[in-house]
Amino acid sequence: WQTYQDRGPLITVTFPSASGIRAGTTELRIRDIRVGLVEEVGFSDGMAAVEAQIRVDTSVARYIDADARFWLVEPQVSARGVTGIGTILSGVYIEADWDGEIGVPATRFAALASAPLSESGEEGTRVMLRTRAGGQLAAGAPVLATGIEVGRIGQPVLSETDNTVTMEAFIAAPYDRRLTTNSRF
């Protein structure tokens with residue numbers, strides 16, 4: 001009875017596909033610490049998506065509110081190099097991010113397509129960039145200032161008129177203090 005009573009709550013995270021998620025194996029992590037485990041994987045109503053039922057540790061459960069974000073970590077090759085390489089041996093896992101404040105609990109979430117540009121509470125400034133030639137840009141590419149990485153670029157998006165590419169960029173503090181109306185990227 002005590003073991004049953006000490007279990008954390010069950011949350012549901014919806015993904016477009018099960019892409020390596022396995023019940024009893026796939027972990028929920030925050031900052032590389034295991035804080036939960038997938039107990040069941042199944043379809044949402046109408047089979048439009050996949051739902052992962054995750055048992056969350058009681059130590060972090062009170063912090064999971066509507067602002068919590070979840071995404072799948074798997075090996076990827078990008079402009080920043082190979083990411084998620086540790087998943088080759090351990091398997092994919094679900095990464096989470098939430099602030100350290102206790103909020104109104106939530107139990108259903110839609111997973112992000114990729115890792116967010118910044119972590120909850122990370123200080124910095126978000127800017128929108130627009131260019132006519134976006135072929136050299138990739139999500140996760142670093143933003144450099146005199147050779148020092150000061151931020152990163154989000155997913156490039158082609159405009160409706162197909163003549164420009166826009167993307168969000170995050171410039172981390174304290175480098176964001178150097179942003180002015182004359183800043184060029």
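**Entry 1: pocket**

I looked up the second largest pocket and noted a volume of about 530 Å³. The model is predicted: local features need pLDDT of at least 70, side-chain atom pairs count only at pLDDT 80 or more, and totals for chains, interfaces and linings use all residues. Residues are numbered from 1 along each chain as its sequence is written, and side-chain values use heavy atoms, with hydrogens and water left out.

For the terms, a pocket is an open set of points on a 1 Å grid over the protein atoms alone, where a 1.4 Å probe fits, with protein on both sides within 12 Å along at least five of seven lines; lining residues have an atom within 4 Å of a point. The volume is the space filled by probe spheres set on the points, which are joined across faces, edges and corners.

I then listed the lining of this second largest pocket: 22 residues, of which Val143, Leu144, Ile171, Arg184 and Phe185 lie nearest the centre. By class, the lining divides into 16 nonpolar, 3 polar and 3 charged residues. Here Ala, Val, Leu, Ile, Met, Phe, Trp, Tyr, Cys and Pro count as nonpolar, Asp, Glu, Lys and Arg as charged, and the others, Gly among them, as polar.

Which strands each supply at least two residues of that lining? I found β10 (124-131), β11 (142-145), β12 (148-153) and β14 (165-172). The largest share, 4 residues, comes from β11. Strands are DSSP runs (E, at least two residues), numbered from the N terminus.

**Entry 2: sheet**

I traced an open sheet of 7 strands with mixed pairing, in the order β5-β8-β2-β3-β4-β1-β9. Two strands pair if DSSP finds at least two bridges between them. The edge strands, each pairing on one side only, are β5 (69-73) and β9 (108-110). From one strand to the next the twist averages 30°; axes are lines fitted to C-alpha atoms, and angles run from 0 to 180 degrees between N-to-C directions.

**Entry 3: β8**

I checked both partners of this strand. With β5, strand β8 (residues 93-97) pairs in the antiparallel sense over 5 bridges, and Arg69 stands opposite Asp97. With strand β2 (residues 27-30), β8 pairs in the parallel sense over 2 bridges, and Leu28 stands opposite Ile94.

Is β8 largely enclosed or open? I counted 5 of the 5 residues of β8 as buried, so the strand is largely enclosed by the rest of the structure. Buried means under 20% relative accessible area (1.4 Å probe, protein chains only). Tyr93, Glu95 and Asp97 point one way from β8, and Ile94 and Ala96 the other way.

**Entry 4: aromatic pairs**

I searched the whole structure and found 2 aromatic pairs. Rings of Phe, Tyr and Trp (its six-membered ring) pair if their centres lie within 6.5 Å; planes under 30 degrees apart count as stacked, over 60 as edge-to-face and the rest as tilted.

Phe70 and Trp98 have ring centres 6.3 Å apart and planes at 55°, so this pair is tilted. Phe70 is in strand β5 and Trp98 in the loop between β8 and β9, 28 residues apart. Phe70 has a relative accessible area of 0%, and Trp98 has 5%.

Phe70 and Phe109 have ring centres 4.8 Å apart and planes at 55°, so this pair is also tilted. Phe109 lies in strand β9 and Phe70 in strand β5, so the pair ties together parts 39 residues apart in sequence. Both Phe70 and Phe109 are buried. I recorded Phe70, Trp98 and Phe109 as one aromatic cluster.

How values were computed
Buried means under 20% relative accessible area, exposed over 50%, partly exposed in between (1.4 Å probe, protein chains only).
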